Structure formats: structure tokens, C-alpha cells
Amino acid sequence: MLDCYLVYRCVFAELTKRNCNTGEIRLTGWYNNTGRVEICNEGRWGTVCVDSWDWRDARVACRQLGHSVDKATAIIFSLGSGEIWLHDVRCTGTETRLIDCPAGPLGTHNCLHVEDAGVSCLTAGESMSSMMMLFMYCMSLQNVILEKSG
Ligand SMILES: [Ca+2]
């Protein structure tokens, strides 16, 4: 069976671990503008829960990352690990940084990593790449296989 994550890890090496500053965010995914959102707290990278995660929050994440906000979209991209730092994020869409948005207290949540939030920060003229469509398709097939065998 095709292991999508193996392919994914081969193509896109994990970002090296380093100390980070609280409030800093990064994307783990494709072409630097689509992927899982990770936020730094206490010097460690963690994830964001999709509870109330929408285009306003995606807009702020894309802005903070320095990407286009034209087509900022909230997505679920892939599963992270470690801490789930942010949940119940309620940006108005105009904030500069994700950590400036109203949200639940850092580190408190009722989420699982299957609920890790992601964003797509495509520009107005850009559409989802065929490689990414293939990845999403591969993931959906794998999920079907897992459901059938489980
Ligand atoms: Ca929200």
C-alpha cells in the first residue's frame, strides 16, 4: 500500500528543530504556502485546533507568514504531534499575528491531532497544484483503505 506520509516526508524534509519565539508561526506542508499551521509557545512548536477555525483566522495566519491573503482558506492538511497550543481561535481577520486573536488559554483544549488546523494562502491567480491534488487524493484513498481494514 502506498504510504502517503512516507512520500510526503521524502519530498519535504521536516523542518529542523530549533528554539522559537512565542507567537511565531510556521507552515508544514507544500510550497511554503499551504499546510498545517504550527505556533511556538515556551520555545516549542505545537499545533492549532480547528474548533472555530475559519477564513478569518486563515487570513491572519497567511498575513503573519508573509503570504497572500487573497484566497486565504482554512483547511485540515495533515496530523501534527506534540502540544496543541491554540484552540477556539476567533480572529476578526485584521490582526497582524495569530497570537493577537482572541482564543482559549494557550495549551488548554479538548482537541485531537486529527483536528489540527491548516491554511492555504494561494494568490488570486494561483490554483491548487496538481502535486497537492495528488497528495490530497492519496490521503483520501488511504483513509478509505484504513476504514475498510479497521
Ligand atoms: Ca475563528
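Start by selecting residues 34-41, strand β2, and residues 44-48, strand β3: together β2 and β3 form a hairpin with 2 residues between them. Strands here are DSSP runs of E, at least two residues long, numbered from the N terminus. In the turn, click on Glu-42, which has a positive phi of about 55°. You are looking at a predicted model, where local features need pLDDT of at least 70 and side-chain atom pairs count only at pLDDT 80 or more, while totals for chains, interfaces and linings use all residues. Residues are numbered from 1 along each chain as its sequence is written.

Now look across the hairpin. β2 and β3 pair in the antiparallel sense over 4 bridges; two strands pair if DSSP finds at least two bridges between them. Select Ile-39 and you will find Gly-46 of β3 opposite.

Is β3 enclosed or open? Of its 5 residues, 4 are buried, so β3 is largely enclosed by the rest of the structure. Buried means that 20 or more other C-beta atoms, placed from the backbone, lie within 10 Å of a residue's own.

Finally, move to Leu-98, in the loop between β5 and β6 (118-120). Leu-98 counts as buried because it has 25 C-beta neighbours inside 10 Å. Which residues does Leu-98 touch, not counting those up to four places away in sequence? Show Ile-25, Ile-39, Val-60, Ala-61, Gln-64 and Val-89; contact means C-beta atoms, placed from the backbone, within 7 Å. Show Asp-57 too: 41 residues apart from Leu-98 along the chain, its C-alpha atom is separated from that of Leu-98 by 7.3 Å.

Terms used: A residue is buried if 20 or more other C-beta atoms lie within 10 Å of its own, exposed if 12 or fewer, and partly exposed in between; C-beta atoms are placed from the backbone. Two residues are in contact if their C-beta atoms, placed from the backbone, lie within 7 Å.
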